[in-house]
Amino acid sequence: MALNASAISVGDTYQEVVAENLSRTQLVQYAGASGDYNPIHTDTPFAQEIAGYPSVFAHGMLSMGMTGRMLTNYVGDGRLTAFGVRFTRQVFPGATLTAKATVAAVRQEDGQHFVDLALSTTNQDGQEVCKGDASARIDP
Amino acid sequence: MPDDFSFPVESGHVMLFARAVGDDNPVYRDPEHAASTEVQGPIAPPTFVQASYHWDPNASYPRPGRPWRGSAAGPTGLPPGETSSSGRGLHAEQRYIYHRSLKVGETLTVRRRPGETWQKQGRRGGSLTFSEEISDFYNHAGELVVTATSVAVITGRAVDP
Amino acid sequence: MADEVTFPVEAGHIMLFARAVGDENPIYHDAEYAKTTELGGIIAPPTFERVWAQWDPAYVLRPKPGQPWFGSAAGPTGLPQKGSDDEGDGGGGGRGLHAEQRYVYHRPVLAGETLTARTRPGKTWTKEGKRAGSMTFREQIIEIFDQQNEIVVTATSVSVITSRAVDQ
């Protein structure tokens, strides 16, 4: 079910917890599904001894993908027209992430309704890990 | 034991699986090459049916809102006191019987049945409990394609290296 | 990276990808349910498009038989150690990070279709950062077309190579 333009206004928010105590196993799972086998995401000796990080960390695209789940649950399946984020901070195992959308505009183009959303995904310490925006085609 | 489930044999999945076992044979990924061989089309490598696990309704993987036994902030995501025997489960033995080639593009039905269970005292892992599970993979025509027998062992303690 | 990669969008792959991002929406795995929606079938979740890399024979972030891999094995890296560790596309020494990603969706990606990803370089720029030293940003634009040569998704990826590991 898609979002209705008549039911939302600028400033409305929608949020979901998209990761709870993020596991290393899920990083492995994402590596296999996506094809990004960069060892910095799954390989502790490499991440620590070669790259100099405290541990492995999540693919930026995993945070974005999880943010996408919140988005499609809000606007409806197959309705996104644009989705963009900046990866502002790394996500480490154990993270709990909350993805939030804020309605920035509700507009009409050639009789079709659209919503523009500001996006922010934060970790358990309230630090932003992804910041971005999205647009979707919605129902009247 | 859980019910039957369907297992689609998809070309991309076969390609990824062959890669994961380091098998570069084009019969697993190149339709043109495969068409020129006696199997006449892409097939799956010998242990591919293991990947049916992804479609097993009881498959174990991290799911939203549920604690996962692997590490996260701590060495396990399970709450204190809750233990998982899975760290003590090992794969002891695996056998396949191939009745016909497993062709890319078919959808198999997986039917499982329990086999024997037995115990043994081991030097490196303490008391050992073995249990057998047999999976039969059928094609659309109801023909048996592969029979897989898996033997799992639960050890009394972590196996000494 | 290959300039053009053709790849199948398979239902099983969509299911695995949706699981990996923790999305249990049945539109991504339940064909019966998907038929009853306005989309008429299984679709791919946002960000799925990046799986084209699995079909890129030259993709740098995948181990290949017979080639040294930069991840750990007996030692912390499988590459010969020479001191210098910055080269490549997120590969070299783990100093490559994904800075930004944008998608424009022209229509949903459907299970069962075949798509072609065409990659071209975008802008490159350098910046001085507080947490990571000097940073080189590089943009890559990937356009994904269907077999009628209609555009389905435009993806813009910005990667950054930092001169040291980012301070936490």
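Tutor: Let's begin with strand pairing: two strands pair if DSSP finds at least two bridges between them. Keep in mind that this is a predicted model.

Student: How many bridges join strand 2 of chain A to strand 2 of chain C?
Tutor: Five bridges join them, and the two strands run antiparallel. The strand in chain C covers residues 96-105, and the one in chain A covers 80-87.

Student: Which residue of strand 2 of chain C does A:V85 stand opposite?
Tutor: A:V85 faces C:Q101 there.

Student: Now the interface as a whole. How many residues of chain A are in contact with chain C?
Tutor: Contact here means heavy atoms within 4.5 Å. By that rule, 46 residues of chain A touch 50 residues of chain C. The two chains bury about 3,900 Å² between them, with carbon and sulfur atoms giving 55% of it. On the chain A side, A:I50, A:M61 and A:D77 lose the most area to chain C, together 15% of what that side buries.

Student: And what about charged pairs? Which residue forms a salt bridge with C:E38?
Tutor: That is A:R79, with the closest N and O atoms 2.5 Å apart. The count between chain A and chain C is one salt bridge. There are also 14 residue pairs in polar contact across this interface, both residues at pLDDT 80 or more.

Student: Which helix of chain A gives the most to the side that touches chain C?
Tutor: Helix 3 does, with nine residues. By class, that side of chain A has 22 nonpolar, 16 polar and eight charged residues.

Student: Let's turn to chain B. How many residues of chain A are in contact with chain B?
Tutor: Twelve residues of chain A are in contact with eleven of chain B. About 800 Å² is buried between these chains, 49% of it on carbon and sulfur atoms. A:N21, A:R24 and A:T25 supply 43% of the area that chain A buries against chain B, more than any other three residues.

Student: How many salt bridges does the rule find across the interface of chain A and chain B?
Tutor: It finds zero salt bridges there, but four residue pairs are in polar contact, both residues at pLDDT 80 or more. Helix 1 of chain A, residues 24-34, brings the largest share of the side that touches chain B, five residues. That side of chain A divides into two nonpolar, seven polar and three charged residues.

Methods. Residues are numbered from 1 along each chain as its sequence is written. Chains are lettered from A and ligands numbered from 1 in the order in which they are written. This is a predicted model: local features need pLDDT of at least 70, side-chain atom pairs count only at pLDDT 80 or more; totals for chains, interfaces and linings use all residues. Side-chain values use heavy atoms; hydrogens and water are left out. Buried area is the accessible area (1.4 Å probe) that two parts lose on being put together, summed over both. A salt bridge is a side-chain nitrogen of Lys or Arg within 4 Å of a carboxyl oxygen of Asp or Glu. A polar contact is a pair of N or O atoms within 3.5 Å; within protein, one must be able to donate a hydrogen and the other to accept it, and residues adjacent in sequence count only if both atoms are side-chain atoms. Helices (H or I, at least four residues) and strands (E, at least two) are DSSP runs, numbered from the N terminus. Ala, Val, Leu, Ile, Met, Phe, Trp, Tyr, Cys and Pro count as nonpolar, Asp, Glu, Lys and Arg as charged, and the others, Gly among them, as polar.
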